[in-house]
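Hi everyone, thanks for coming. Have a look at the model on the screen, and I'll walk you through some of the contacts in it.

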Amino acid sequence: MTRDSAGMVAKRSLGDVVIFLALLLAVITPQRSLAQSDPTGSATGPLMCYYGPNQYVPCSTPLLPGHDPLELSVARYAAVLARLRAYPSVSFNLPEPSTTGTAEELSQDAGALFVTVAFQLDRLVMDSNRLARRTQENESFLQTLYARERDLQARGEALPAVLREANANLALEQATAEAKERLVNSVEAVADRMHARADVAATESMQWLTVASPPGVPLVTEKMVANRNRSKRYPLSVAIEVAYPRASPRVIVPHAEFPPAHRPAPIGTADDKIAATEALIPQIAEVSAQYEERGSRYDKLERVLESVTPRVKVLETAVGGGEESLQAVERLMSHAESRNSMAYFNRITAGGNAALAIGEAYIMETFRDKVVKPEVLRFLRANGIMQKIDSNLVVQLYAQRKSLLPPLAPKQWAALGRLVEVEKRAIQLMHDIETYLYAAIESISSPNDRNAAPLLEEVRAGTGTAGRELIEKAADDPGLGYKIAHAMFGRR
């Protein structure tokens, strides 16, 4: 072998080594991946390509010859995963790239990666906003607790004196209500007695007319008396006790939340989809920092609430017994005030009822004593019946269904027409009491009228001066009841 041939062999061998080393380097160097920094670091600075441990080159640097674009895309996908793992809140369930797949399979993996990361980012945004809202609610509740604590401390100090004053005011209000109610009840009792007197007078008038009337003549019956038109009586108002629910110191307004919808995968190649995922990383960094800050603030508030809430509960327990007593007194006070208010309106109603009942009793008794009895006696005497007749005899004969007239009655009864007219007037009185009430006002006011005097005495005995004045002032407007009361109590 000549020197020249040996030199050529040596040069060829050296060229083979260079080519081998170049191929070996080509096998090693395609493992570069896109990264802004070490995968465990923060995502800042220019976009860098990762060629191995501590080997970074700006991605704008021209690629070395012989690199496979699919391998570079796979490396870029892996670099994005490395950057995402710096954020645990979005790095779970991330699909790993396939190193043996096709470009189409890598594109599908890149699309799935974007959808997963975008959904977790949107979920992180929702969780961050929820933390902010709950923090605001806790801040508001904490202020409520502080205000409650101050209030309890102040009430605990002032409670004994407040409770004594409340009890004193309650006793006075209840005494006033009871006095007004007794007055109203006494006036109502007067109305009851006057109605009873009117019923007795109506029944006795019917009995006198019945036992003295010839067969076929009686026009007034028991049923007519039972169903007669009485003076109006209005019901009294009743105090209604209102239940006051205890308000909760913390009002929580429900907030409807729905999970975010999945975003669609970007359209394009695997690199387009990887680039779309890379664009989410700065947003993830911002939202993650915001979430951490809000979480820290929320945790601090929770610790403050955990310390303040027991203090307030201790104060509530300490002051609770006195507060419940005070609340009970306040409820009783409210009820007593309601009773006083009702008694004010009821005295007007009761006074009007009593005034009308007095007028009814006066009319029925006057009609019995000045019309029915004299006319019955006149009729009997005109027909020769001279026996002594009183109310006891009339009641006895009526109960036995007997008559004062002899069995063999004459064909013509003297003064029968006047007796029939009395019965007709009785029927009118049973059906229309108000007309007679207006007509009786003048006679009631006469000091010489004997029928009004016993009624007036019964009113005075039953309800006293206060009740008499209440009846006299029964209405603001001078209506019928007022006129009757004014006429009776204005007698001289």
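Let me begin with a definition: a charge sits over a ring if NZ of Lys or CZ of Arg is within 6 Å of the ring centre and within 35 degrees of the ring normal. With that in mind, look at R401, which lies over the face of Y398 at 4.9 Å from the ring centre.

Some ground rules before we go on. This is a predicted model, where local features need pLDDT of at least 70, side-chain atom pairs count only at pLDDT 80 or more, and totals for chains, interfaces and linings use all residues. Residues are numbered from 1 along each chain as its sequence is written, and side-chain values use heavy atoms, with hydrogens and water left out.

Now the overall picture. The protein chain has 10 helices and three strands, where helices (H or I, at least four residues) and strands (E, at least two) are DSSP runs numbered from the N terminus. Along the sequence, the pattern reads α-β-β-β-α-α-α-α-α-α-α-α-α. Of the 492 residues, 36% count as buried; buried means under 20% relative accessible area, exposed over 50%, and partly exposed in between, with a 1.4 Å probe and protein chains only. The accessible surface of the protein chain is about 28300 Å², and 57% of that belongs to carbon and sulfur atoms. Those areas come from the Shrake-Rupley method with a 1.4 Å probe, and for residues only the protein chains shown count as cover. As for contacts, meaning heavy atoms within 4.5 Å, 81% of those between residues at least 6 apart in sequence join residues at least 24 apart.

Let's turn to the aromatic rings. A pair of aromatic rings is described by the distance of the centres and the angle of the planes. Rings of Phe, Tyr and Trp (its six-membered ring) pair if their centres lie within 6.5 Å; planes under 30 degrees apart count as stacked, over 60 as edge-to-face and the rest as tilted. How many aromatic pairs does this rule give? The count comes to two. In one of them, Y344 and F345 are edge-to-face, at 5.5 Å centre to centre with 80 degrees between the planes. Y344 is partly exposed at 41% relative accessible area, and F345 is partly exposed at 47%. F379 and W413 form a tilted pair, 6.0 Å centre to centre and 45 degrees between the planes. F379 lies in helix α5 (residues 270-382) and W413 in the loop between α6 (391-399) and α7 (416-431), so this pair ties together parts that are 34 residues apart in sequence.

Next, the charged pairs. A salt bridge here is a side-chain nitrogen of Lys or Arg within 4 Å of a carboxyl oxygen of Asp or Glu, and the count comes to 23. I'll pick out a few.

One of them joins D271 and R76, at 3.7 Å from N to O. D271 sits in helix α5 and R76 in helix α2 (residues 69-84), 195 residues apart, which links distant parts of the chain. D271 is partly exposed at 30%, whereas R76 is buried at 15%.

Another is E181 with R339, whose closest N and O atoms are 2.7 Å apart. This one links helix α3 (residues 103-212), where E181 lies, to R339 in helix α5, 158 residues apart. E181 counts as partly exposed at 26%, and R339 as buried at 17%.

Then there is D199 with R230, at 3.3 Å from N to O. D199 is in helix α3 and R230 in the loop between α4 (222-226) and α5, 31 residues apart. Both partners are partly exposed, D199 at 26% and R230 at 32%. Salt bridges with shared partners join D199, R228, R230 and E360 into one network.

While we're in helix α5, let me show you E365. What does E365 touch, leaving aside its neighbours within four places in sequence? Its contacts are R197, A201, N451 and L455. E365 is buried, with a relative accessible area of 6%.

Finally, back to α2, the helix with R76. α2 is mostly covered, with 12 of its 16 residues buried, including L72, Y77 and L84.
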